[in-house]
Amino acid sequence: MAETITHSYLENTGRYKGILAWLTSTDHKRIGLMYMYAMMVFFIVGVLLGELMRLELFRPGQQFYSAQTYNGIFTIHGIIMIFTVVIPGLAAVFGNFCMPLLIGARDVAFPRLNLFSWYLYILGAAIALSSQFLGNGPPDTGWTFYAPYSIQTHTNVVAAVFGAFVLGFSSILTGLNFIVTIHRLRAAGMTFFRMPLFPWSLYATAWIQVLATPIVGITLLMVIAERWLRIGFFDPSLGGDPILYQHLFWIYSHPAVYIMILPAMGVITEIIPTFAQRRVFGYKAIALSSLAIALVGYFVWAHHMYTSGMSITARWVFSLLTFLVAVPSAIKVFNWVTTMYKGSISVKPPFLFALGFIFLFMIGGLTGLSLGSLATDIHVHDTSYVVAHFHYIIFGGVGFAFFAALHYWYPKMYGRMYNFRRANIAFGFLFVGFNLLYFPQFVIGIMGMPRRYFDYLPQFTLGHQLSTIGGFILLIGIIIMLVNLFSKKGVKAPDNPWGGKTLEWTIPSPPPVENFDELPVITGEPYYFE
Amino acid sequence: MTHTESHITDYRVYGWVLLALLVLTTITITVTWIDLSALTVLVALIIASVKSFIVLRYFMHLKFESRLFTVFFVMVLGIYLLVIVLTFFDYLLR
């Protein structure tokens with residue numbers, strides 16, 4: 001039997017030193033961190049672009065730059081945040097870092113493929129970002145690349161679209177890797193219903209990644225073919241159908257919302273039992289609701305298209321299906337709340353962020369009902385109400401869950417603690433800033449403020465100004481959080497600082513290279529609190 | 001769980017598969033000359049599905065693999081089928 005490696009994964013003992021040791025590492029934990037560092041850079045750029053938009057919108061009329069520049073900024077803000085931050089998101093970072101630890105494996109099933117996925121991610125991001133500097137200027141279509149405008153605009157759509165195509169491959173390969181890992185590498189005795197719920201959510205996510213991503217891949221290639229070869233897929237002037245583009249785009253991009261949010265829900269399901277010191281309520285219901293969300297989430301895409309001119313029958317069918325997907329989402333929320341009931345709650349930073357997630361996700365989810373309903377959607381479609389709803393789900397949901405996961409697993413990742421007080425202050429700024437940034441957008445959206453507009457009527461000024469102030473409070477929160485986590489080393493972290501029961505807390509912090517000295521044997525449920 | 005059995009498929013089988021694919025491709029092209037109106041897509045999809053089935057079963061060895069892969073395959077097929085049906089709630093009833 002080979003000798004077990006006991007040194008931490010952060011130490012370099014291989015052939016290469018320094019950054020090369022990281023860039024050639026197939027260790028799932030290092031790859032998780034590499035995703036995180038790259039993603040943080042993209043996230044900061046995306047946030048700064050968002051702040052630039054908020055500054056321009058502080059007052060009606062032109063302030064700092066032209067309408068065309070504004071179109072370019074919201075497009076690249078969307079491309080960066082969607083394709084390079086939230087789609088890989090928690091699955092790429094914490095899925096890679098934690099999933100093998102949580103299921104009692106030494107690595108993912110295909111470690112080299114895992115590293116290759118990271119390189120594809122970087123390559124795809126580089127191609128997408130090159131669209132800003134090459135050709136006829138930054139794309140101005142919005143991140144959705146709607147046809148026929150994306151076919152007709154002279155801006156550099158092809159690079160952005162091709163970048164998204166390559167990023168899709170990274171996503172598919174990660175999904176494939178996770179499905180095989182979860183099927184083949186679970187510890188002895190860990191049946192599917194003894195598996196922790198974060199891997200459950202990753203399993204559901206992985207299926208969406210594998211099945212839905214190829215559809216957007218081929219759709220984006222069709223856009224390129226139509227631009228270069230003038231084949232009429234989507235542009236009516238070439239004999240195409242623009243609504244077909246919307247169908248194909250949303251057949252992927254709606255399930256993509258679940259690629260983003262399912263791992264976030266998984267993280268919250270790990271954090272709440274630990275900080276309530278209580279068994280998770282409705283384990284099986286939460287596990288199966290992940291699969292239900294993944295499955296039903298496939299069949300709701302056209303709720304983005306109620307005003308596109310598609311058939312009336314399709315509209316009510318998709319509205320009905322959209323309401324169905326609310327059921328498994330609500331199952332999770334009720335189970336989280338019930339898990340906390342009569343728990344021995346300790347309000348530490350990861351728990352605060354998890355509570356923040358539930359609050360913001362609820363607002364995002366409930367405002368989604370008025371968008372899923374045919375009559376009300378027509379009133380608020382393409383207004384800033386949609387922008388607010390979307391950001392409550394994606395930033396309030398995925399973003400806050402990411403911060404929760406980071407604060408939860410940080411001691412395991414780095415073997416160090418962070419300052420709780422500063423983390424709590426950061427949470428305060430983030431929470432207040434977030435709500436001030438996005439809540440007014442619901443109000444002005446209902447009043448009729450269109451989304452993606454460079455200028456607006458005077459009655460929307462107060463809402464925009466509150467929103468901009470909120471944006472900068474949020475930015476302060478992000479800075480405090482990042483400085484707290486990454487500026488200086490905290491005290492050494494114990495192996496199990498939170499009293500968690502899942503397998504990652506049974507090994508040293510930071511974990512050794514091959515995770516487990518001896519592979520664990522599972523004999524019971526994952527969340528057994530006395 | 002290890003899967004150690006190996007399967008050697010006769011070249012003649014591959015020959016028949018190739019022939020079947022060529023015949024089906026010819027049919028795909030031939031039917032484009034016939035006006036089937038609303039059934040056009042359905043016929044194209046049926047022929048493509050038969051071709052995919054043959055490729056998956058023989059070239060991709062689904063015939064010899066664990067039942068789990070067949071279950072996955074049928075599940076995925078079901079999802080795509082539903083996606084297409086739902087899309088046609090728009091196209092056929094617009």
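## Across the A–B interface

Start with the charges: the rule turns up one salt bridge where chain B meets chain A. The partners are A:D241 and B:R94, whose closest N and O atoms sit 3.7 Å apart. Keep in mind that this is a predicted model. On the side of chain B that touches chain A, the residues split into 13 nonpolar, one polar and two charged.

As for the contact itself, chain A puts in 23 residues and chain B puts in 16. Together the two chains bury about 1,700 Å², and 75% of that lies on carbon and sulfur atoms.

## How confident is chain B?

Chain B averages a pLDDT of 87, with 93% of its residues reaching 70 or more. In chain B, helix α1 (residues 11-31) has the highest confidence, at a mean of 93, while helix α2 (residues 40-59) has the lowest, at 90.

## A closer look at A:S131

Over in chain A, A:S131 sits in the loop between α5 (111-130) and α6 (149-152). Buried or exposed? A:S131 counts as buried because its relative accessibility is 0%, and the cut-off for buried is under 20%.

The side chain of A:S131 makes a polar contact with the side chain of A:Q132, at 3.4 Å. Leaving out neighbours within four places in sequence, A:S131 also touches A:I76, A:G137, A:P138, A:P139, A:N156, A:A159 and A:A160.

How values were computed
Residues numbered from 1 in each chain as written. Chains lettered and ligands numbered in written order. Predicted model: local features only at pLDDT ≥ 70, side-chain atom pairs only at ≥ 80, totals over all residues. Heavy atoms only, no water. Contact = heavy atoms within 4.5 Å. Buried area = accessible area lost by both parts, 1.4 Å probe. Salt bridge = Lys/Arg side-chain N within 4 Å of Asp/Glu carboxyl O. Nonpolar A, V, L, I, M, F, W, Y, C, P; charged D, E, K, R; others polar. pLDDT = per-residue confidence, 0-100. Helix = DSSP H or I, 4+ residues; strand = E, 2+ residues; numbered from the N terminus. Buried < 20%, exposed > 50% of the residue type's maximum accessible area, 1.4 Å probe, protein only. Polar contact = N/O pair within 3.5 Å; in protein donor to acceptor, adjacent residues only side chain to side chain.
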